[in-house]
Amino acid sequence: MSKTDHQVHPSDHGHGHDHEMNFWSKYIFPLDHKMIGLQYLWTGLFMALVGGFFAYVFRMQLAFPGESVPGFGHVSPASYNALITNHGTIMIFWVAMPMLVAAFGNILIPLMIGCDDMVFPRLNRLSYQIFFISTVLLFVGFFVPGGAFGGAWTSYPPLSARAEYNLTPWGASIWLLAVALEIVAFLLGGINFITTTMNSRAPGMKMMDIPIVVWMINIAVVLFMFSVGPLVAGAVMLLFDQTIGTSFFVPSGGGDPVLWQHLFWFFGHPEVYVILLPEMGIVAEIITVFSRKKLFGYKMIVYTTFMVGILSMIVWAHHQFIAGIDPRMASIFSFTTILISIPIAVIFFAYIATLYGGSIEFKVPMLWALGMIAEFLLGGVTGIYLGASALDVYFHDNTFVVAHFHYTLIPVVFFGGFAGITYWYPKMFGKMMSETLGKLHFWGTTIFFNGIFIPLFFLGLAGQHRRIYDYRNFPDLAGMQDLRIFATMCLIGLLISQIPFIINFVRSIKNGEDAGKNPWKANTLEWITASPPPHGNFAEMPTVYRGPYEYSVPGRKEDFWPQNQPS
(Lines give C-alpha, C1' and ligand atoms only; values in the text may rest on other atoms or scores of the structure.)
Protein backbone atom coordinates (compact mmCIF):
# COMPACT_ATOMS: atom_id res chain seq x y z
CA MET A 1 0.00 0.00 0.00
CA SER A 2 1.35 3.42 -0.91
CA LYS A 3 1.90 6.02 1.74
CA THR A 4 -0.88 8.58 2.19
CA ASP A 5 -0.28 12.07 3.50
CA HIS A 6 -1.64 11.02 6.85
CA GLN A 7 0.63 8.01 7.05
CA VAL A 8 3.77 10.04 6.43
CA HIS A 9 2.51 12.68 8.77
CA PRO A 10 3.93 11.42 12.07
CA SER A 11 7.44 11.19 10.71
CA ASP A 12 7.20 14.70 9.34
CA HIS A 13 5.58 16.29 12.37
CA GLY A 14 6.17 13.96 15.23
CA HIS A 15 6.84 15.17 18.73
CA GLY A 16 10.46 15.43 19.61
CA HIS A 17 11.17 15.73 15.93
CA ASP A 18 13.95 18.24 16.26
CA HIS A 19 15.97 18.01 13.08
CA GLU A 20 16.77 21.36 11.52
CA MET A 21 14.83 22.16 8.38
CA ASN A 22 16.46 24.27 5.72
CA PHE A 23 14.97 27.60 4.60
CA TRP A 24 13.13 26.09 1.62
CA SER A 25 11.52 23.30 3.65
CA LYS A 26 10.49 25.60 6.50
CA TYR A 27 9.29 28.72 4.71
CA ILE A 28 8.75 28.05 0.99
CA PHE A 29 7.51 24.44 0.82
CA PRO A 30 6.33 23.79 4.39
CA LEU A 31 4.10 20.96 5.58
CA ASP A 32 3.42 22.67 8.93
CA HIS A 33 -0.15 24.00 9.05
CA LYS A 34 0.96 27.12 10.93
CA MET A 35 3.48 28.17 8.30
CA ILE A 36 0.96 27.50 5.52
CA GLY A 37 -1.54 29.62 7.43
CA LEU A 38 1.03 32.41 7.69
CA GLN A 39 1.70 32.12 3.96
CA TYR A 40 -2.01 32.72 3.34
CA LEU A 41 -1.99 35.58 5.85
CA TRP A 42 1.02 37.33 4.32
CA THR A 43 -0.40 36.94 0.81
CA GLY A 44 -3.81 38.23 1.92
CA LEU A 45 -2.30 41.28 3.63
CA PHE A 46 -0.17 42.05 0.55
CA MET A 47 -3.19 41.76 -1.72
CA ALA A 48 -5.14 44.05 0.63
CA LEU A 49 -2.50 46.72 -0.02
CA VAL A 50 -2.87 46.16 -3.78
CA GLY A 51 -6.67 46.34 -3.58
CA GLY A 52 -6.43 49.45 -1.40
CA PHE A 53 -4.12 51.12 -3.91
CA PHE A 54 -6.59 50.37 -6.72
CA ALA A 55 -9.38 51.99 -4.62
CA TYR A 56 -7.18 55.07 -4.07
CA VAL A 57 -6.63 55.45 -7.83
CA PHE A 58 -10.26 55.16 -8.95
CA ARG A 59 -11.57 57.28 -6.09
CA MET A 60 -9.06 60.00 -7.03
CA GLN A 61 -10.42 59.82 -10.58
CA LEU A 62 -13.97 60.33 -9.23
CA ALA A 63 -12.90 63.21 -6.97
CA PHE A 64 -10.60 64.96 -9.47
CA PRO A 65 -11.68 63.64 -12.89
CA GLY A 66 -9.19 63.91 -15.70
CA GLU A 67 -6.28 64.92 -13.45
CA SER A 68 -3.16 62.80 -13.08
CA VAL A 69 -3.28 60.60 -9.95
CA PRO A 70 -0.08 60.80 -7.84
CA GLY A 71 1.65 57.43 -7.94
CA PHE A 72 -0.33 56.20 -10.95
CA GLY A 73 -0.76 58.87 -13.64
CA HIS A 74 -3.64 59.39 -16.01
CA VAL A 75 -6.62 57.09 -15.48
CA SER A 76 -8.22 56.11 -18.79
CA PRO A 77 -11.76 54.70 -18.94
CA ALA A 78 -10.31 51.25 -19.68
CA SER A 79 -7.88 51.34 -16.77
CA TYR A 80 -10.66 52.70 -14.49
CA ASN A 81 -12.81 49.67 -15.35
CA ALA A 82 -9.87 47.30 -14.83
CA LEU A 83 -9.10 48.84 -11.42
CA ILE A 84 -12.73 48.65 -10.27
CA THR A 85 -13.05 45.05 -11.45
CA ASN A 86 -9.85 43.83 -9.87
CA HIS A 87 -10.41 45.76 -6.64
CA GLY A 88 -13.63 43.81 -6.10
CA THR A 89 -12.11 40.51 -7.22
CA ILE A 90 -9.03 40.90 -5.06
CA MET A 91 -10.90 41.94 -1.93
CA ILE A 92 -13.28 38.97 -2.10
CA PHE A 93 -11.11 36.16 -3.47
CA TRP A 94 -7.55 37.21 -2.56
CA VAL A 95 -8.07 39.03 0.74
CA ALA A 96 -11.25 37.92 2.51
CA MET A 97 -11.01 34.20 1.76
CA PRO A 98 -7.27 33.69 2.32
CA MET A 99 -7.27 35.75 5.51
CA LEU A 100 -10.50 34.72 7.21
CA VAL A 101 -10.93 31.14 5.97
CA ALA A 102 -7.53 29.79 4.87
CA ALA A 103 -5.15 31.62 7.22
CA PHE A 104 -7.16 31.35 10.42
CA GLY A 105 -8.42 27.87 9.48
CA ASN A 106 -4.88 26.61 8.98
CA ILE A 107 -3.40 28.27 12.03
CA LEU A 108 -6.24 27.58 14.45
CA ILE A 109 -7.97 24.27 13.68
CA PRO A 110 -5.20 21.79 14.65
CA LEU A 111 -4.18 23.93 17.64
CA MET A 112 -7.72 24.42 18.94
CA ILE A 113 -8.80 20.80 18.58
CA GLY A 114 -5.53 19.49 20.03
CA CYS A 115 -3.77 17.66 17.18
CA ASP A 116 -0.35 18.00 15.58
CA ASP A 117 -1.30 19.07 12.06
CA MET A 118 -3.85 18.76 9.27
CA VAL A 119 -4.76 15.23 8.24
CA PHE A 120 -3.37 15.81 4.73
CA PRO A 121 -0.36 18.14 5.09
CA ARG A 122 0.85 17.72 1.50
CA LEU A 123 -2.63 18.47 0.17
CA ASN A 124 -2.55 21.52 2.41
CA ARG A 125 0.70 22.68 0.88
CA LEU A 126 -0.65 22.04 -2.62
CA SER A 127 -3.67 24.20 -1.79
CA TYR A 128 -1.48 27.23 -1.06
CA GLN A 129 0.74 26.60 -4.08
CA ILE A 130 -2.30 26.61 -6.40
CA PHE A 131 -3.55 29.76 -4.66
CA PHE A 132 -0.15 31.41 -5.19
CA ILE A 133 -0.20 30.51 -8.90
CA SER A 134 -3.67 32.07 -9.17
CA THR A 135 -2.27 35.26 -7.59
CA VAL A 136 0.55 35.46 -10.12
CA LEU A 137 -1.89 34.76 -12.95
CA LEU A 138 -4.14 37.61 -11.81
CA PHE A 139 -1.20 40.04 -12.06
CA VAL A 140 -0.18 38.63 -15.45
CA GLY A 141 -3.54 39.83 -16.74
CA PHE A 142 -2.38 43.45 -16.39
CA PHE A 143 0.52 42.95 -18.81
CA VAL A 144 -1.10 41.12 -21.74
CA PRO A 145 -2.35 42.78 -24.94
CA GLY A 146 -5.51 44.76 -24.13
CA GLY A 147 -4.72 44.83 -20.42
CA ALA A 148 -6.64 43.43 -17.45
CA PHE A 149 -10.30 42.49 -17.58
CA GLY A 150 -12.64 45.42 -16.85
CA GLY A 151 -16.13 43.90 -16.94
CA ALA A 152 -16.78 44.08 -13.15
CA TRP A 153 -16.08 41.33 -10.62
CA THR A 154 -19.49 39.83 -11.41
CA SER A 155 -18.29 39.31 -15.00
CA TYR A 156 -21.77 39.63 -16.51
CA PRO A 157 -22.13 38.41 -20.11
CA PRO A 158 -22.40 39.32 -22.91
CA LEU A 159 -19.80 41.98 -21.95
CA SER A 160 -17.50 39.31 -20.54
CA ALA A 161 -18.20 36.75 -23.25
CA ARG A 162 -16.95 38.53 -26.37
CA ALA A 163 -13.57 40.22 -26.85
CA GLU A 164 -15.15 42.79 -29.21
CA TYR A 165 -17.29 43.97 -26.28
CA ASN A 166 -14.78 44.02 -23.41
CA LEU A 167 -11.69 44.78 -25.54
CA THR A 168 -9.56 42.54 -23.29
CA PRO A 169 -9.26 39.29 -25.27
CA TRP A 170 -6.47 37.92 -23.07
CA GLY A 171 -7.34 39.69 -19.86
CA ALA A 172 -10.87 38.30 -19.61
CA SER A 173 -9.77 34.65 -19.96
CA ILE A 174 -6.77 35.06 -17.64
CA TRP A 175 -9.00 36.67 -15.00
CA LEU A 176 -11.42 33.75 -15.28
CA LEU A 177 -8.64 31.15 -14.99
CA ALA A 178 -7.18 32.93 -11.97
CA VAL A 179 -10.56 32.87 -10.18
CA ALA A 180 -11.02 29.18 -11.13
CA LEU A 181 -7.61 28.25 -9.67
CA GLU A 182 -8.39 30.17 -6.50
CA ILE A 183 -11.58 28.15 -6.12
CA VAL A 184 -9.70 24.86 -6.64
CA ALA A 185 -7.23 25.88 -3.92
CA PHE A 186 -9.99 26.53 -1.40
CA LEU A 187 -11.78 23.30 -2.22
CA LEU A 188 -8.59 21.36 -1.41
CA GLY A 189 -8.07 23.35 1.77
CA GLY A 190 -11.70 22.86 2.81
CA ILE A 191 -11.45 19.06 2.50
CA ASN A 192 -8.55 19.20 4.94
CA PHE A 193 -10.37 21.41 7.45
CA ILE A 194 -13.45 19.18 7.64
CA THR A 195 -11.53 15.90 7.71
CA THR A 196 -9.17 17.15 10.41
CA THR A 197 -11.95 18.48 12.61
CA MET A 198 -13.98 15.30 12.34
CA ASN A 199 -11.11 12.84 12.87
CA SER A 200 -8.28 14.40 14.84
CA ARG A 201 -9.83 15.99 17.90
CA ALA A 202 -8.05 15.53 21.21
CA PRO A 203 -9.29 12.69 23.46
CA GLY A 204 -12.35 13.87 25.39
CA MET A 205 -13.30 16.66 22.98
CA LYS A 206 -16.94 16.06 22.12
CA MET A 207 -18.65 17.89 19.28
CA MET A 208 -20.08 20.46 21.67
CA ASP A 209 -16.64 21.08 23.16
CA ILE A 210 -15.29 22.41 19.85
CA PRO A 211 -14.49 26.14 19.97
CA ILE A 212 -17.08 28.20 18.12
CA VAL A 213 -14.59 29.60 15.60
CA VAL A 214 -13.73 26.06 14.47
CA TRP A 215 -17.43 25.34 14.04
CA MET A 216 -17.89 28.53 12.03
CA ILE A 217 -14.92 27.86 9.72
CA ASN A 218 -16.12 24.34 9.00
CA ILE A 219 -19.70 25.41 8.31
CA ALA A 220 -18.36 28.13 6.01
CA VAL A 221 -16.32 25.53 4.13
CA VAL A 222 -19.33 23.25 3.72
CA LEU A 223 -21.35 26.22 2.46
CA PHE A 224 -18.59 27.06 -0.02
CA MET A 225 -18.53 23.49 -1.32
CA PHE A 226 -22.29 23.36 -1.81
CA SER A 227 -22.53 26.73 -3.54
CA VAL A 228 -19.48 26.86 -5.77
CA GLY A 229 -20.38 24.01 -8.16
CA PRO A 230 -22.77 26.04 -10.37
CA LEU A 231 -20.21 28.84 -10.65
CA VAL A 232 -17.51 26.42 -11.77
CA ALA A 233 -19.87 25.05 -14.45
CA GLY A 234 -20.78 28.59 -15.48
CA ALA A 235 -17.10 29.60 -15.63
CA VAL A 236 -16.33 26.73 -18.00
CA MET A 237 -19.28 27.74 -20.20
CA LEU A 238 -18.13 31.37 -20.16
CA LEU A 239 -14.59 30.33 -21.07
CA PHE A 240 -16.01 28.41 -24.04
CA ASP A 241 -17.97 31.53 -25.07
CA GLN A 242 -14.75 33.55 -24.92
CA THR A 243 -12.42 31.12 -26.66
CA ILE A 244 -14.25 28.76 -29.01
CA GLY A 245 -17.30 30.82 -29.93
CA THR A 246 -20.11 29.02 -28.12
CA SER A 247 -23.11 31.14 -27.07
CA PHE A 248 -24.26 29.88 -23.70
CA PHE A 249 -24.68 33.47 -22.49
CA VAL A 250 -24.75 35.46 -25.73
CA PRO A 251 -28.26 36.44 -26.91
CA SER A 252 -27.22 36.80 -30.56
CA GLY A 253 -26.35 33.10 -30.59
CA GLY A 254 -29.43 31.99 -28.65
CA GLY A 255 -27.84 32.16 -25.20
CA ASP A 256 -29.20 33.73 -22.02
CA PRO A 257 -27.07 36.24 -20.02
CA VAL A 258 -29.50 35.99 -17.08
CA LEU A 259 -28.50 32.32 -16.74
CA TRP A 260 -24.99 33.48 -15.81
CA GLN A 261 -26.48 35.78 -13.17
CA HIS A 262 -28.28 32.83 -11.59
CA LEU A 263 -25.13 30.68 -11.62
CA PHE A 264 -22.96 33.51 -10.30
CA TRP A 265 -25.24 34.67 -7.50
CA PHE A 266 -26.13 31.14 -6.39
CA PHE A 267 -22.49 31.16 -5.31
CA GLY A 268 -22.09 34.90 -4.79
CA HIS A 269 -24.51 35.44 -1.96
CA PRO A 270 -23.59 32.36 0.12
CA GLU A 271 -20.03 33.64 -0.36
CA VAL A 272 -20.95 36.57 1.89
CA TYR A 273 -21.63 34.07 4.67
CA VAL A 274 -18.51 32.03 3.80
CA ILE A 275 -16.45 35.02 4.89
CA LEU A 276 -18.87 36.25 7.56
CA LEU A 277 -19.04 33.03 9.60
CA PRO A 278 -15.31 32.63 10.41
CA GLU A 279 -15.23 36.27 11.44
CA MET A 280 -18.26 35.78 13.72
CA GLY A 281 -16.41 32.87 15.28
CA ILE A 282 -13.34 35.03 15.85
CA VAL A 283 -15.48 37.70 17.54
CA ALA A 284 -17.10 35.08 19.78
CA GLU A 285 -13.71 33.83 20.98
CA ILE A 286 -12.55 37.36 21.77
CA ILE A 287 -15.63 38.70 23.58
CA THR A 288 -15.69 35.74 25.98
CA VAL A 289 -12.03 36.22 26.90
CA PHE A 290 -12.19 40.00 27.32
CA SER A 291 -15.49 40.02 29.19
CA ARG A 292 -14.54 36.96 31.29
CA LYS A 293 -17.97 35.50 30.59
CA LYS A 294 -19.21 32.18 29.30
CA LEU A 295 -20.43 32.41 25.69
CA PHE A 296 -24.19 32.86 25.91
CA GLY A 297 -26.15 30.15 24.05
CA TYR A 298 -23.24 28.10 22.64
CA LYS A 299 -25.45 25.30 21.28
CA MET A 300 -28.03 27.77 20.00
CA ILE A 301 -25.30 29.62 18.09
CA VAL A 302 -24.07 26.39 16.48
CA TYR A 303 -27.59 25.33 15.40
CA THR A 304 -28.42 28.87 14.24
CA THR A 305 -25.26 28.97 12.15
CA PHE A 306 -26.42 25.85 10.33
CA MET A 307 -29.72 27.67 9.71
CA VAL A 308 -27.84 30.66 8.29
CA GLY A 309 -26.01 28.32 5.92
CA ILE A 310 -29.23 26.71 4.67
CA LEU A 311 -31.06 30.02 4.21
CA SER A 312 -28.09 31.59 2.42
CA MET A 313 -28.66 29.11 -0.42
CA ILE A 314 -32.12 30.48 -1.20
CA VAL A 315 -31.57 34.23 -1.30
CA TRP A 316 -29.42 34.68 -4.41
CA ALA A 317 -32.05 36.19 -6.74
CA HIS A 318 -32.37 39.38 -4.70
CA HIS A 319 -29.36 40.46 -6.75
CA GLN A 320 -31.51 40.14 -9.85
CA PHE A 321 -34.66 42.08 -9.01
CA ILE A 322 -33.86 44.45 -11.87
CA ALA A 323 -32.87 41.68 -14.28
CA GLY A 324 -36.43 41.03 -15.35
CA ILE A 325 -37.28 38.06 -13.15
CA ASP A 326 -40.94 37.27 -12.51
CA PRO A 327 -42.31 39.65 -9.79
CA ARG A 328 -43.88 36.66 -8.00
CA MET A 329 -40.43 35.08 -7.70
CA ALA A 330 -39.10 38.43 -6.53
CA SER A 331 -41.59 38.35 -3.66
CA ILE A 332 -40.38 34.92 -2.59
CA PHE A 333 -36.75 36.01 -2.64
CA SER A 334 -37.63 39.20 -0.74
CA PHE A 335 -39.14 36.98 1.97
CA THR A 336 -36.16 34.61 2.18
CA THR A 337 -33.72 37.55 2.19
CA ILE A 338 -35.40 39.24 5.12
CA LEU A 339 -35.87 35.84 6.83
CA ILE A 340 -32.11 35.26 7.00
CA SER A 341 -31.72 38.36 9.13
CA ILE A 342 -33.43 36.46 11.98
CA PRO A 343 -30.73 33.84 12.70
CA ILE A 344 -28.01 36.44 12.16
CA ALA A 345 -29.75 38.69 14.69
CA VAL A 346 -30.04 35.76 17.12
CA ILE A 347 -26.26 35.24 17.00
CA PHE A 348 -25.52 38.91 17.53
CA PHE A 349 -28.00 39.12 20.42
CA ALA A 350 -26.20 36.13 21.96
CA TYR A 351 -22.95 38.08 21.69
CA ILE A 352 -24.52 41.13 23.35
CA ALA A 353 -25.90 38.87 26.10
CA THR A 354 -22.36 37.52 26.57
CA LEU A 355 -21.08 41.05 27.08
CA TYR A 356 -23.86 42.00 29.47
CA GLY A 357 -22.57 42.12 33.04
CA GLY A 358 -19.05 41.08 32.04
CA SER A 359 -15.75 42.48 33.29
CA ILE A 360 -14.94 44.06 29.96
CA GLU A 361 -11.34 44.88 29.18
CA PHE A 362 -10.83 47.18 26.19
CA LYS A 363 -7.68 45.63 24.77
CA VAL A 364 -7.07 46.09 21.05
CA PRO A 365 -8.60 42.73 19.94
CA MET A 366 -11.74 43.58 21.96
CA LEU A 367 -11.99 47.02 20.33
CA TRP A 368 -11.93 45.44 16.88
CA ALA A 369 -14.52 42.84 17.93
CA LEU A 370 -16.87 45.46 19.37
CA GLY A 371 -16.26 47.71 16.36
CA MET A 372 -17.22 44.86 14.05
CA ILE A 373 -20.53 44.30 15.87
CA ALA A 374 -21.40 48.03 15.76
CA GLU A 375 -20.41 48.66 12.13
CA PHE A 376 -21.93 45.46 10.79
CA LEU A 377 -25.23 46.56 12.32
CA LEU A 378 -25.36 49.44 9.81
CA GLY A 379 -24.70 47.07 6.95
CA GLY A 380 -27.40 44.69 8.15
CA VAL A 381 -30.05 47.38 8.63
CA THR A 382 -29.46 48.94 5.19
CA GLY A 383 -29.65 45.46 3.67
CA ILE A 384 -33.30 45.26 4.66
CA TYR A 385 -34.07 48.08 2.18
CA LEU A 386 -32.25 46.25 -0.58
CA GLY A 387 -34.00 42.99 0.22
CA ALA A 388 -37.38 44.60 -0.54
CA SER A 389 -37.82 44.25 -4.31
CA ALA A 390 -39.73 47.54 -4.80
CA LEU A 391 -37.04 49.59 -3.03
CA ASP A 392 -34.23 47.63 -4.64
CA VAL A 393 -35.31 48.80 -8.10
CA TYR A 394 -34.22 52.31 -7.10
CA PHE A 395 -31.28 51.52 -4.85
CA HIS A 396 -29.69 48.85 -7.02
CA ASP A 397 -26.70 50.09 -9.02
CA ASN A 398 -26.41 53.38 -7.22
CA THR A 399 -23.91 54.16 -4.48
CA PHE A 400 -26.39 53.29 -1.72
CA VAL A 401 -25.74 49.63 -2.48
CA VAL A 402 -22.00 50.32 -2.62
CA ALA A 403 -22.13 51.81 0.87
CA HIS A 404 -24.30 48.91 2.09
CA PHE A 405 -22.01 46.10 1.00
CA HIS A 406 -18.93 47.92 2.24
CA TYR A 407 -20.66 48.28 5.62
CA THR A 408 -21.05 44.51 5.65
CA LEU A 409 -17.74 43.43 4.13
CA ILE A 410 -15.26 45.88 5.69
CA PRO A 411 -16.35 45.13 9.27
CA VAL A 412 -16.23 41.43 8.41
CA VAL A 413 -12.94 41.31 6.53
CA PHE A 414 -10.91 44.05 8.20
CA PHE A 415 -12.42 44.63 11.63
CA GLY A 416 -12.78 40.87 12.08
CA GLY A 417 -9.41 40.21 10.46
CA PHE A 418 -7.59 42.70 12.66
CA ALA A 419 -9.41 41.33 15.71
CA GLY A 420 -8.10 37.86 14.90
CA ILE A 421 -4.58 38.97 14.02
CA THR A 422 -4.13 41.05 17.17
CA TYR A 423 -5.66 38.33 19.38
CA TRP A 424 -3.61 35.41 18.03
CA TYR A 425 -0.46 37.39 17.19
CA PRO A 426 1.15 36.34 20.52
CA LYS A 427 0.57 32.71 19.59
CA MET A 428 1.79 33.18 16.01
CA PHE A 429 5.03 34.99 16.84
CA GLY A 430 5.52 34.66 20.61
CA LYS A 431 5.45 38.44 21.02
CA MET A 432 2.90 41.06 22.07
CA MET A 433 1.86 43.89 19.76
CA SER A 434 1.93 47.49 20.96
CA GLU A 435 -1.39 48.55 22.51
CA THR A 436 -0.75 52.23 21.67
CA LEU A 437 -0.11 51.62 17.98
CA GLY A 438 -3.00 49.17 17.93
CA LYS A 439 -5.47 51.73 19.32
CA LEU A 440 -4.17 54.39 16.92
CA HIS A 441 -4.80 51.95 14.08
CA PHE A 442 -8.28 51.08 15.35
CA TRP A 443 -9.56 54.64 15.81
CA GLY A 444 -8.04 55.92 12.57
CA THR A 445 -9.58 53.05 10.61
CA THR A 446 -12.99 53.42 12.27
CA ILE A 447 -13.29 57.19 11.81
CA PHE A 448 -12.11 57.28 8.19
CA PHE A 449 -14.09 54.17 7.21
CA ASN A 450 -17.32 55.90 8.23
CA GLY A 451 -16.14 59.09 6.52
CA ILE A 452 -15.92 57.25 3.22
CA PHE A 453 -19.19 55.40 3.16
CA ILE A 454 -21.75 57.54 5.00
CA PRO A 455 -21.55 60.12 2.14
CA LEU A 456 -22.11 57.31 -0.36
CA PHE A 457 -25.49 56.56 1.24
CA PHE A 458 -26.57 60.16 0.59
CA LEU A 459 -25.11 60.19 -2.91
CA GLY A 460 -27.03 57.01 -3.66
CA LEU A 461 -30.28 58.43 -2.30
CA ALA A 462 -29.71 61.39 -4.63
CA GLY A 463 -29.49 58.98 -7.54
CA GLN A 464 -25.75 58.69 -8.16
CA HIS A 465 -25.18 55.66 -10.37
CA ARG A 466 -22.23 53.52 -9.30
CA ARG A 467 -20.79 52.73 -12.73
CA ILE A 468 -19.76 56.18 -13.97
CA TYR A 469 -16.19 57.19 -14.82
CA ASP A 470 -16.63 60.97 -14.91
CA TYR A 471 -19.65 62.66 -13.29
CA ARG A 472 -19.02 65.92 -15.16
CA ASN A 473 -20.86 64.30 -18.06
CA PHE A 474 -24.06 64.24 -15.96
CA PRO A 475 -25.14 67.75 -14.88
CA ASP A 476 -27.68 66.47 -12.34
CA LEU A 477 -24.90 64.58 -10.49
CA ALA A 478 -21.99 66.97 -11.02
CA GLY A 479 -23.14 69.28 -8.20
CA MET A 480 -22.30 66.77 -5.47
CA GLN A 481 -18.58 66.82 -6.11
CA ASP A 482 -17.73 68.04 -2.59
CA LEU A 483 -19.08 64.81 -1.09
CA ARG A 484 -16.99 62.75 -3.53
CA ILE A 485 -13.87 64.70 -2.60
CA PHE A 486 -14.64 64.28 1.12
CA ALA A 487 -15.08 60.50 0.70
CA THR A 488 -11.82 60.31 -1.26
CA MET A 489 -9.89 62.26 1.37
CA CYS A 490 -11.24 59.88 4.00
CA LEU A 491 -10.04 56.94 1.89
CA ILE A 492 -6.55 58.43 1.89
CA GLY A 493 -6.87 58.84 5.68
CA LEU A 494 -7.95 55.19 5.93
CA LEU A 495 -4.91 54.02 3.98
CA ILE A 496 -2.57 56.18 6.09
CA SER A 497 -4.19 54.70 9.22
CA GLN A 498 -2.84 51.30 8.21
CA ILE A 499 0.77 52.48 8.66
CA PRO A 500 0.70 52.04 12.48
CA PHE A 501 -0.52 48.46 11.94
CA ILE A 502 2.26 47.66 9.46
CA ILE A 503 4.89 49.13 11.82
CA ASN A 504 3.34 47.31 14.78
CA PHE A 505 3.10 43.98 12.97
CA VAL A 506 6.68 43.98 11.64
CA ARG A 507 8.39 45.66 14.60
CA SER A 508 6.75 43.45 17.23
CA ILE A 509 8.02 40.23 15.66
CA LYS A 510 11.53 41.10 16.94
CA ASN A 511 11.04 43.85 19.47
CA GLY A 512 7.68 43.05 21.04
CA GLU A 513 7.32 41.99 24.66
CA ASP A 514 7.54 38.21 25.17
CA ALA A 515 4.01 36.82 25.20
CA GLY A 516 4.38 33.62 27.20
CA LYS A 517 1.99 30.72 26.69
CA ASN A 518 -1.27 32.35 27.66
CA PRO A 519 -1.13 36.17 27.82
CA TRP A 520 -4.95 36.59 27.66
CA LYS A 521 -5.70 33.82 30.24
CA ALA A 522 -7.90 31.97 27.76
CA ASN A 523 -9.28 28.43 27.92
CA THR A 524 -8.86 26.98 24.44
CA LEU A 525 -6.10 24.49 23.69
CA GLU A 526 -3.84 26.69 21.57
CA TRP A 527 -2.95 28.63 24.74
CA ILE A 528 -1.52 25.61 26.60
CA THR A 529 1.44 25.20 24.25
CA ALA A 530 4.48 27.39 23.69
CA SER A 531 4.26 30.67 21.78
CA PRO A 532 4.91 30.14 18.93
CA PRO A 533 4.06 26.41 19.03
CA PRO A 534 6.82 23.99 18.01
CA HIS A 535 6.61 21.73 14.98
CA GLY A 536 3.99 19.18 16.05
CA ASN A 537 2.25 21.76 18.27
CA PHE A 538 2.18 20.09 21.70
CA ALA A 539 5.00 18.62 23.77
CA GLU A 540 2.36 16.33 25.28
CA MET A 541 -0.91 15.76 23.45
CA PRO A 542 -3.80 17.24 25.48
CA THR A 543 -6.90 15.59 26.86
CA VAL A 544 -10.09 17.67 27.03
CA TYR A 545 -12.32 17.74 30.10
CA ARG A 546 -14.82 20.53 29.38
CA GLY A 547 -16.10 23.10 26.95
CA PRO A 548 -14.05 26.13 25.89
CA TYR A 549 -15.89 28.94 27.67
CA GLU A 550 -15.75 28.25 31.39
CA TYR A 551 -14.91 31.75 32.65
CA SER A 552 -15.61 33.20 36.11
CA VAL A 553 -16.88 29.86 37.42
CA PRO A 554 -18.08 30.29 41.04
CA GLY A 555 -15.79 28.66 43.59
CA ARG A 556 -12.66 28.79 41.44
CA LYS A 557 -9.71 30.94 42.42
CA GLU A 558 -8.85 31.79 38.81
CA ASP A 559 -11.44 33.21 36.42
CA PHE A 560 -10.45 30.89 33.58
CA TRP A 561 -10.45 27.11 33.33
CA PRO A 562 -8.41 25.62 30.45
CA GLN A 563 -10.03 22.77 28.57
CA ASN A 564 -7.19 20.37 29.37
CA GLN A 565 -7.17 21.02 33.13
CA PRO A 566 -8.85 18.25 35.16
CA SER A 567 -11.48 19.23 37.71
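Which residue forms a salt bridge with Asp-326? Select Arg-328: its closest N and O atoms to Asp-326 are 2.7 Å apart. Here a salt bridge is a side-chain nitrogen of Lys or Arg within 4 Å of a carboxyl oxygen of Asp or Glu.

Before moving on, note that this is a predicted model, in which local features need pLDDT of at least 70, side-chain atom pairs count only at pLDDT 80 or more, and totals for chains, interfaces and linings use all residues. Residues are numbered from 1 along each chain as its sequence is written, and side-chain values use heavy atoms, with hydrogens and water left out.

**Stop 1: the opening pair**

Stay on Arg-328. At 65% relative accessibility it counts as exposed. Asp-326, at 30%, counts as partly exposed. The cut-offs: buried means under 20% relative accessible area, exposed over 50%, and partly exposed in between (1.4 Å probe, protein chains only).

**Stop 2**

The whole structure holds 11 salt bridges. Select Glu-550 and Lys-294. Their side chains meet in a salt bridge at 3.2 Å, N to O. This pair links distant parts of the chain, 256 residues apart. Glu-550 is in the segment after α19 (499–511), and Lys-294 is in the loop between α9 (257–291) and α10. Helices are DSSP runs (H or I, at least four residues), numbered from the N terminus. Lys-294 counts as partly exposed, at 47% relative accessibility.

Now select Asp-514 and Lys-431. Their side chains also form a salt bridge, 2.7 Å from N to O. Asp-514 lies in the segment after α19 and Lys-431 in the loop between α15 (399–429) and α16 (435–461), so the pair ties together parts that are 83 residues apart in sequence. Lys-431 is buried, with a relative accessible area of 17%.

Next, pick Asp-397, Arg-466 and Arg-467. Salt bridges that share partners join them into one network.

**Stop 3: aromatic rings**

There are 58 aromatic pairs in the structure. Show Trp-24 and Phe-29. Their ring centres are 6.2 Å apart and their planes are at 20°, so the pair is stacked. Rings of Phe, Tyr and Trp (its six-membered ring) pair if their centres lie within 6.5 Å; planes under 30 degrees apart count as stacked, over 60 as edge-to-face and the rest as tilted. Trp-24 counts as exposed at 54% relative accessibility, and Phe-29 as partly exposed at 42%.

Together they form a nonpolar patch on the surface, with about 530 Å² of accessible area. Such a patch joins nonpolar side chains (Val, Leu, Ile, Met, Phe, Trp, Tyr) within 5 Å, from residues with over 30% relative accessible area and no salt bridge. Areas come from the Shrake-Rupley method with a 1.4 Å probe. Phe-23 is found in helix α2 (residues 23–28).

**Stop 4: charges over rings**

Select Arg-484 and Tyr-471. Arg-484 lies over the face of Tyr-471, 4.1 Å from the ring centre. Then try Arg-546: its charged end sits over the ring of Trp-561, 3.9 Å from the centre. The test is NZ of Lys or CZ of Arg within 6 Å of the ring centre and within 35 degrees of the ring normal.

**Stop 5**

Finish at Phe-458 in helix α16. At 53% relative accessibility, Phe-458 counts as exposed.

Conventions. Patch = residues over 30% accessible without salt bridge, like charges linked within 9 Å, V, L, I, M, F, W, Y side chains within 5 Å. Helix = DSSP H or I, 4+ residues; strand = E, 2+ residues; numbered from the N terminus.
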